Amino acid sequence: MSSERPLVGVGAVVVRDGALLMVQRGKEPYLGRWSVPGGTLELGEHLTEAARREVLEETGVDVEVGELLGILEWPGTPHYVILDYVATPRGEDEPRPGGDASAVRWVPLDEIPALECTPRFVETLRGWGVLTDE
């Protein structure tokens, strides 16, 4: 994918019972690495609608999207500006991979640093207070 301008991406940080909903990327960039569900904003779509859609497509979990948690930038080709939102599950749906995800699961927060995650993922979650060094 090539673009002359940055692409807007959204993601959702969904925590339930001390575990984060995570997807293993099924395609580049960062094929095989773990992250939160997310993707690019579609024309005419509101940011929170895009975050909810991406979570549903990639995990099968319906969420209520809340406040903006933070902004992450991935310069390069393509150049992404990603807005990550806090979200909560609307029900008890068990996650299943779909869309761009090759795997999906609830990962206990203390196990996340041991996973092969996308660049700066763990550091970003620590900076936003989602993960602690305890």
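1. Start with Arg90. Its relative accessibility is 47%, so Arg90 counts as partly exposed. This is a predicted model.

2. Arg90 has a charged partner. Its side chain meets that of Asp62 in a salt bridge, at 3.5 Å from N to O. Asp62 sits in the loop between α1 (47-59) and β5 (63-74), while Arg90 sits in the loop between β6 and β7, so the pair ties together parts that are 28 residues apart in sequence. Asp62 has a relative accessible area of 19% and is buried, because the cut-off for buried is under 20%.

3. A second bridge also reaches across the sequence. Arg16 and Glu92 form a salt bridge, and their closest N and O atoms are 3.6 Å apart. Arg16 belongs to strand β1 (residues 7-16) and Glu92 to the loop between β6 (80-89) and β7 (101-108), so this pair ties together parts that are 76 residues apart in sequence.

4. Glu92 has 62% and counts as exposed.

5. Next, the pair Glu54 and Arg53. Their side chains meet in a salt bridge, 2.9 Å from N to O. Both Glu54 and Arg53 are buried. Salt bridges with shared partners join Glu42, Glu45, Arg53, Glu54 and Glu57 into one network. The count of salt bridges in the model comes to 10.

6. β1 and β2 run antiparallel and are joined by two bridges. They form a hairpin, with two residues between the strands. Asp17 lies in the turn and has a positive phi of about 50°.

7. Gln24 has Trp34 in β3 as its bridge partner.

8. Why is β2 described as largely enclosed by the rest of the structure? Strand β2 spans residues 19-25, and six of its seven residues are buried, so the description follows from that count.

Key:
Residues are numbered from 1 along each chain as its sequence is written. This is a predicted model: local features need pLDDT of at least 70, side-chain atom pairs count only at pLDDT 80 or more; totals for chains, interfaces and linings use all residues. Side-chain values use heavy atoms; hydrogens and water are left out. A salt bridge is a side-chain nitrogen of Lys or Arg within 4 Å of a carboxyl oxygen of Asp or Glu. Helices (H or I, at least four residues) and strands (E, at least two) are DSSP runs, numbered from the N terminus. Buried means under 20% relative accessible area, exposed over 50%, partly exposed in between (1.4 Å probe, protein chains only). Two strands pair if DSSP finds at least two bridges between them.
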